[in-house]
Amino acid sequence: MEKSRNQKWKRFRETVYRNALQLILVGSVTGVFAGAVTTFFNILAEKGEEFSQGVYAFVRSNLALIPLLFLVLLLGAFLIGVAVRISDAIRGCGIPQAEGATRGLIRFRWFRDATANFATCVLSIFMGLSIGAEGPSAFIGACVGDGVATTLKRNEMIKRYQITGGACTGLAVASNAPLTGIIFAFEEAHKRFTPEVFICAFSSVVFGMFTRSLIYFLLGMQVHNAFDTYVFYELPWQTYGYVVLAGLLCGLLGIAFHKCSFKLRDLFLKIRLKKPYYEKVLRIIIAVLIGGVVSLLASGVMGGGHGLITSLGTKGGTEQPSVQTVFGLPLIWALLIILLLRFCITGVNVASGIPCGIFIPIIAMGACLGALLNGLWLEWGMDAKYCDLMVMICMSALFTTIVRAPITAVVMICEFTGSFAPLLPVIIAVSIGYTIGETFRVDGIYEDLLEIYEKESGIHERAVREVYTLVVANGSLAEKREVRDVLWPSGARVTEIHRGEEVILPEGETVLHAGDTLTVVCRTDNPEKVRDDLVHILG
C-alpha cells in the first residue's frame, strides 16, 4: 500500500514538473533571450526610422542627390536579395513563418534565420522603406525560442511551446502590448487554447517585458507610446451610426487590400528569368525602388507607422492632426494620398517577398482612414472629442478584416489605449469587419501567406502518409484530456481508439484514458519527429 502511494506521488511530481514547472522554466529562459534580442532590434529600428526621415528630408531639399539615393537603394536591395537566397525563411512578413513553426510545419535554422532577418529588416528601415518591426520581431523571437530549445536539448513538443513563447514575446516587445502577444498565441498561432501554450506564452512574455524594461533602464531610454496624443470619451448611443459606417468602410478597404496584394503577387510572379534566384532578387529590387519613390513623395509613408499614428491624435478634439503635408495640399488631401500610398506599398511588400512587417502598417492604414472619416463625421455633426475614438475603431476593424483575428484586435485596442471606453464600439466595428470578411470568403492574410510558403517550399510534396499506434500512459499529457484539447503534431488525426474490447471512433470531446490504444494518421515530411512528438504527448 505504502509502495503504491509512493509510486503515485512520484508520478504526480513528474507530471507537475513535465506539464507546468518545466514549461515555466523554459518559457522564462526563452522570454529573457527573446526579449533581449527583439529589444535591441526595435531600438535599432526606431533609430533607423529617425535616420531615414532626416536623409529623405535632406534629399527632398537637394533634388540633385536623388540618383545617389537610388544607387544606395539598389545596393541595399541586392544585399537583401542575397540574404533571402541564403535564408529563404526570412522572405515575407515573418508572422506566417512564425505561425508555421509553432504548428510544426516549418523548421528553422534558428541562428542563420534570426541573423538574416535582423540584418535585412534593419537595413530596410534605414533605407526608409514602409516596413514595421512587429512581424520581424515575432519571427526573430520564434527563432530565438527554437535556439534556446535546441541548446537545452528539449524534445520537439517543448520546442514548439518555446517557439510560441518566443514569437509572442517578440510581438509583445515590439507593440508594447503583452496581453496582445499572449492572445496572439491562441487566436493566430495555434488556433486553440491549451494550458501548456498559455503557461509557456505567459512566462515568456512576462520575462521578455521585464528584460526589455531593464535594458531600456540601463540605456537611459524610455518606451515611446504612439497613443500619448489620444484622449477617449465614452461614446453616446446617438453616434453609433458612425461606428457602423466606419466598420463597413474598413471592411471593404480590408477586402480590397487583400485582393490587391495577391493580384500584385501574380504580377511579380510573371517576372521570369533563367535562374529562380535572380527572379527573387529582381522582385526585391523592384519593391525597394518603388518604396524609395513612395518615401520621397510622402514622409508619412516611411517606417512602420508609429509616427503617423501619433500625429493623428487630437487629444480629445482639442488639437488638429499634425500630419506633415504632401505637396502643400490641405490636410484631407494629404491624408488621402498617404492612405493610397501606404495601401500600394504595403501590397507591393507583401507581393514581392521582401522581408518586412505589415502588422503596424495595416493598423496605420486604419488610423489614416479613421482620420479621413472624421472630417466627414464632423461635417455631419459629430462632436470633435470623439475623433480619437473613431481612429481606434477604424484601426481595429481594418486589422480584423485583413488578419481575421477579432479577439486580438479588441484586446490590442484596449491595451494600446489603457481604457475600456472603446470596448463596445470597437467590438461592434470588429464584428462588422469580420462579417464582411466572411461574406467575401476571405481568409486571414497570414494564413494565406503561410499556405503559399508551404507550397513554394515543397513541404506538401515531401509529405508522406504515416500511421502510428501508441498507448496512452499514466500521467501523460493526453490522459484525461479531450482529443481537441491536445496539441497534436501538425496534420495528425486520431482515427481510432481501442479501449479494451471497445473500438471508439473519436470526436473532439472524446476523453482519453490511460491504457487507450490510439491509431494516429499524419501526413508529414518528417515521420521520426512526429513519432517523437506523439511519444511525448502519450508518454
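**Reading the model**

Modeller: Asn176 is partly exposed, having a relative accessible area of 30%. Here buried means under 20% relative accessible area, exposed over 50%, and partly exposed in between, with a 1.4 Å probe and protein chains only. The model is predicted, so local features need pLDDT of at least 70 and side-chain atom pairs count only at pLDDT 80 or more, while totals for chains, interfaces and linings use all residues. Residues are numbered from 1 along each chain as its sequence is written, and side-chain values use heavy atoms, with hydrogens and water left out.

Colleague: Where is the place of Asn176, and near what value is its phi?

Modeller: Most residues other than glycine have a negative phi, and most peptide bonds are trans. In Asn176, phi is near 55°, a positive value in a non-glycine residue. Asn176 sits in the loop between helix H6 (156–175) and helix H7 (178–190). Helices are DSSP runs of H or I with at least four residues, strands are runs of E with at least two, and both are numbered from the N terminus.

Colleague: Where does Arg404 lie, and is Arg404 buried or exposed?

Modeller: The loop between helix H14 (387–403) and helix H15 (406–417) holds Arg404. Phi of Arg404 is near 65°, again positive in a residue other than glycine. Arg404 has a relative accessible area of 9%, which means that it is buried.

Colleague: How many helices and strands are there in the chain?

Modeller: The chain has 19 helices and 4 strands. Its radius of gyration is 24 Å, close to the 24 Å that the globule rule gives for 539 residues, so the chain is as compact as a globular protein of that length. That radius is taken over C-alpha atoms, and the rule is 2.2 Å times the number of residues to the power 0.38. The C-alpha trace spans about 85 × 60 × 50 Å along its principal axes.

Colleague: What percentage of the residues in the chain is buried, and which residues have the most contacts inside the largest nonpolar core?

Modeller: In soluble globular proteins, nonpolar side chains tend to be buried together. Of the 539 residues in the chain, 56% are buried. A nonpolar core is a set of buried Ala, Val, Leu, Ile, Met, Phe, Trp, Tyr and Cys residues joined through side-chain atoms within 4.5 Å. The largest such core has 129 residues, and Phe359, Ile363, Met395, Phe399 and Ile445 have the most contacts inside it. A second, separate core of 36 residues includes Tyr468, Val486, Leu512 and Leu538.

Colleague: What does Ile363 touch, not counting residues up to four places away in sequence?

Modeller: Contact means heavy atoms within 4.5 Å. With residues up to four places away in sequence not counted, Ile363 touches Ile309, Met395, Phe399, Met412 and Phe416. Across the chain, 81% of the contacts with a separation of 6 or more join residues 24 or more positions apart.

Colleague: How are two packed helices described?

Modeller: The angle between the axes and the distance between them describe the pair. Axes are lines fitted to C-alpha atoms, for helices over the stretch in contact, and angles run from 0 to 180 degrees between N-to-C directions. Helix H9 (residues 240–269) packs against helix H16 (residues 423–439) at about 35°, with the axes 8 Å apart. Among the residues that meet are Val244, Gly247 and Gly251 in H9, and Ile428, Ile432 and Gly433 in H16. The residues of this contact divide into 12 nonpolar, 4 polar and no charged; Ala, Val, Leu, Ile, Met, Phe, Trp, Tyr, Cys and Pro count as nonpolar, Asp, Glu, Lys and Arg as charged, and the others, Gly among them, as polar.

Colleague: In which helix is Ser204 found, and which residues does it touch, not counting those up to four places away in sequence?

Modeller: Ser204 is found in helix H8 (residues 195–218) and is buried, with a relative accessible area of 0%. Residues up to four places away in sequence aside, Ser204 touches Gly27, Thr30, Gly31, Gly165 and Thr169. The C-alpha atoms of Ser204 and Leu25 are 9.1 Å apart, although 179 residues separate them along the chain. Phe198, also placed in H8, counts as partly exposed at 34% relative accessibility.
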